[in-house]
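In these entries I record what I looked up in the structure, in the order in which I looked.

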Amino acid sequence: MNKKKNQWKAWIYLLPALIVLAIFTVWPIINTLRMAFSNGYTYAKELKYGAFSFSFGFENFVSVTSYQGFTTCLGNTLLLTVLTVPISTMLALLVAVALNSIKFVRKTMQTIFFLPYVTNSIAIGMVFMAMFTMIPGVKATDPYRSIGIINSIIEAFGGTRISWVNSDSSKAANLAVLVIYIVWNALPFKILVLLGGLQSVNKQYYEAAKIDGTSRFRTFWRITVPLLSPMIAYVIITGFIGGFKEYSSIVGIFGNENSGDSMGPTGSPERWNTMVGYIYQQITAQHHGDASAAALILFAIIFAVTMVNMYVSKKKVHY
Amino acid sequence: MTDNINEKEVTPEVIEDAAEQDAKSKVMKEKDIDKVSKKQLIMKIAVQTGLYLFLGIMAIIVLFPFYWMLISSVKTLNEYNSTVPTLWPKQFRWSSYAVAFTGELNLGRLFLNTCIVGIVSTILSLIVTVLSAYAFARFEFKGKNVLFAALLATMMIPGELFTITNYVTVSSFGWLKTYTVLIVPFLVSVFYIYLLRQNFMQIPNELYLAAKVDGTSDLKYLWKVMIPLAAPTLISITILKMMGSWNSYIWPRLVANDMAHKLITVGLRGESFKDMSGMVDYPAQMAAVVIVTIPLFLVFLFFRKYIMRGVSRSGIKG
Amino acid sequence: MKKKLGAIIMAGVMACTMTAGLALTAGCGKTTVQPDFVMPEGGFDTSKGVTIKFYHTMNQDLRKVLQSYITKFNVLYPNIEVKEEAVGGYDDVRDQINTEIIAGDQPNIAYCYPDHVALFNESDAVQSLNGFLPDGEYKNMTVKRVKTDAKGDAVKDENGNLVYEDVSLGLTQEEKDMFIDGYYDEGFKFGDESQMYTLPFSKSTEVMFYNKTFFEQNNLKVPETWDEMETVCARILEIDAARGKEETVPLGYDSEANWFITMCEQYGSGYTSSSGNHFLFDNSTNRGFVERFKDWRNKGYFTTQTLNKGYTSSLFTTQQCYMCIGSSAGAKNQSPDRVQGEYPFEVGIASIPQLKQTTNPAGANYDANYKAKVISQGPSVCIFRQKDPQQVLASWLFVKYLTTNIDFQARFSSTSGYVPVLKMEQMQKNKTYADFMADANGYDNLNYLSALRCMEQEDAYYTSPAFMGSSKARDQVGALMQAVFAGSKTIDEAFKYAIRECEYAAKG
């Protein structure tokens, strides 16, 4: 009886969200499906010849997967996600726990970690370029005019400079910069969520641990992590989803200078192109069918990974 | 745990009580520290030093863009454009701020628009999110899991592809160049619903059942118990949503690029800072960014207090 | 088990929604394709108000010029309201319109490059201007325009009513003849070249800025050909080495893409074609000049904006480079800062080097029949199709007004550094402009000097064919040069990669 009553109540609570989602999320998804399976679809052609002028089929998928850069895009996307999500989650957890366990200047520290929220995204991209880019000499034979702040620090500690993002840079060096940048970008959000979670964790668990003389490390793994597990799961799952959609960070690092979407160091454009980067390029080039097909492929991957994540978190998360 | 709640209603007084008890136990803790051995004290100092060192380094890394924004705003255009960037301005040029204020950017209007859109969409979004998360966390209904999984699945499709379809939709609604078009399409975030649901689910079910026994209505329970307990998460959502309005660019530029509805980032990225040869006056742009950042920063300082208050709020005896 | 069921249900839901979606789209019966323009009876209706929207990329100063001429235009046609909107850069205008076309919400007039028109015309969105040309369908039609006096104010009769006069709706032969022929003809460079889609709005090209003081002091000859350029670069390096000046480079070339395309034009070796196999740029001549420039790069003869990681003009103004090839519209950036009120050097502006020279029969590379080639840049305007033919007519009247108005062209040119699209003898009618031109020098009035050089070589302007994928070709040849100069690809790899990318972009 009670359960039945709750049934319609639940739907009423959900109604506002469902209406908006139906119009602005579900319908675009349906449209995406339609475009992906319409051979050679473009909006222009639909306007000219109508929605039924396309034959149903997999041509767009064939076109996407036969593109020479497709495996690069896919590989880059996977690589960046697999590297950045665990690193940023771990770091954010450490910062959140550290913030929660200091007393002196605690408020100031917390304020500092909130500051990135009010830093406009325009400013962030410019900073990284300046930090890692080496400014070559005016001639090919001249020495560098600037080796960048990071390399200056490395040399001050007796290391050798590395070409991070310049034309002669290695993939590994590029990757290091991208990982740092993406982690940096992801940190504030994760810290905020985890700190929010930590604040709601009951202090008495810790008191109990203290009385038992449990070590800090043990407390961290045995109390903090399990209690925070819903938040951690959230951060990881959304991190993966966001990671697969990586695009703007690559533009941020390598700029958009001369040739459209370069997505790589000078001379090696597209080296770090990602799935979303590819989708964007196809939309600009008016290949809407290809863009939709690529989006569906990406969706399939994200879906599979999220299912695995959810399965794992079901087993590990403590409510 | 449940017994405790049954005895007293959760009221501010109870929370104050809890806070007091927290304070008492802190005093107890301090006394304990006196008893610990010297070795442990050294250990503690080492750990604390490590913590501060770690936080200090992270803080510097995190703050760098903020610092960059500030110094860029006072550099001269030539210094800014010089190929070798400087860490400290050779010469301070405050006139960038005058340019940002008096230029034809119309900062006041941009700011007003952003505030209207930011505040309205945050409030509406919170309401919708709370209701949905509550339904998912507390009700059993047919197809709940499937629906929830389907919602999560929508997060996984790259949103870029939605833009064109949504554009056609809003233009057929006649919403172009209105506040509505900036608020409604992104009102529901599955991210937030998920986040809040996770938080709601942490709240023991017994609390709910107890409230039911007391005859508390669902809405009252949501308002009196769930929302206060989930306050930190709600504030996190508020911050994220506000920042969303702050940094949104592609959609607003497309659907409401007129002065009456233009948002701040659209204005800041636009052509207002270009000189006649097409070179951008970045220092002036950065100055404008700083100006619009200050009020936001103050709002965040205010919120931080609430997050801290959330600590004592959630101090229910367990 | 439960998971599996969920997945199956979800798949089912997706399949259902997909079919539903197909039905829905069909049901809506989109009618956003704009109909062919049909001249309304009676032509342009001056009695009813009509609003038109103009997208451009102008900055504040240029907008002020535009706005003041909108006011003047409104005296002539009080019922037309022009809404001008600055929409970011050229690519922003392109993307915005691309999306708006889908909902049938495109503006009436827009700044455009030929590549963009090709893109818009995928949905047949651009209005052909053929009917409005001197020999077009509407050549005998007139439109009622408010009569104005010498000061530009409306003339009124004794009752205080506006006095109208009949003027030609289309472009008259005299008006057409005001345009520089080459610019005018660019409007036809689409597909089979039978339709005119754009009118030129203002122009720029690449010019070579050089340090005149330095060249005179060292008795250097300003290079007219690429061979001479090679000699001068080698000589400058010797001079600087001899006086111990380090970290200088003889030449800065802003855009690799322009360099590549211009070389193709000068050699006549093939870049792209509007029909058939679009991408012709992978040939031995082109590989040859890329290899030559790679050698120059190794010898330290030049740098580019990408290689320099900053505007080459910043090298030029600090005397770290002595020649700088860039847009004529950017002349102001090439002007050095004054030191104690004095300019450190005088800037000279010359045409960019050519393959052959036509001035000195005794010199090397002389060929009297050689036709010089410089790239044609700067915005054109196109008019979009609309359901309401009155909007199309109003747009046409406004575009015609701006492009053929000597005073507007003069003001726009002197504010921006772009050059007018009208012939010099026409522009001389604007006294202020003529005076400025006479004053052009290498110090304060660099933009006039640059405009002057620009206008002198109007015969040499070339444009590249516009088609789906033409902007990709431009991006790719630029990237090709960068890759070779930076040493990250061999010439063979770079060419093959560029061709593959272009062909993928141009498909379907």
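**Entry 1. A term.** Before reading the sheet I noted what pairing requires: two strands pair if DSSP finds at least two bridges between them. The model I am reading is predicted.

**Entry 2. A strand of chain C and its partners.** I looked up V249(C) and found that this residue stands opposite C321(C) in β10(C). Strand β8 (residues 249-253) of chain C is joined to β10(C) by 4 bridges, and the two run parallel. I then turned to strand β7 (residues 206-211) of chain C, which has 5 bridges to β10(C) and runs antiparallel to that strand. Here E206(C) has S327(C) in β10(C) as its bridge partner. Is β10(C) buried or exposed? I found strand β10 (residues 321-327) of chain C mostly covered, with 7 of its 7 residues buried.

**Entry 3. A helix of chain C.** I checked the length of helix α10 (residues 284-299) of chain C. With 16 residues at 1.5 Å a residue, α10(C) should span 22 Å, and its end C-alpha atoms are 23 Å apart, which agrees. Which residues of α10(C) are buried? I listed N286(C), V290(C), F293(C), W296(C) and R297(C). I recalled the general rule: an α-helix has 3.6 residues a turn, so residues three or four places apart point the same way.

On the other side of α10(C), I found S284(C), E291(C) and D295(C) exposed. I also looked up what covers the buried residues of α10(C); the cover includes α8 (226-242), α9 (256-267), β9 (302-304), α18 (470-486) and α19 (491-506) of chain C. After α10(C) comes G300(C), and I noted that its phi is positive, near 85°.

**Entry 4. Chain C as a whole.** I counted 19 helices and 14 strands in chain C. Chain C has 508 residues, of which 47% count as buried. Its C-alpha trace spans about 90 × 75 × 45 Å along the principal axes. Of the contacts in chain C with a separation of 6 or more, 71% are between residues 24 or more positions apart.

**Entry 5. Chain A.** What elements does chain A have? I found 13 helices and 0 strands. Of the 319 residues in chain A, 50% are buried. The C-alpha atoms of chain A fill a box of roughly 80 × 75 × 30 Å, taken along the principal axes. Among contacts in chain A with a separation of 6 or more, 66% join residues 24 or more positions apart.

Note on methods:
Residues are numbered from 1 along each chain as its sequence is written. Chains are lettered from A and ligands numbered from 1 in the order in which they are written. This is a predicted model: local features need pLDDT of at least 70, side-chain atom pairs count only at pLDDT 80 or more; totals for chains, interfaces and linings use all residues. A residue is buried if 20 or more other C-beta atoms lie within 10 Å of its own, exposed if 12 or fewer, and partly exposed in between; C-beta atoms are placed from the backbone. Two residues are in contact if their C-beta atoms, placed from the backbone, lie within 7 Å. The expected span of a helix is 1.5 Å times one less than its number of residues.
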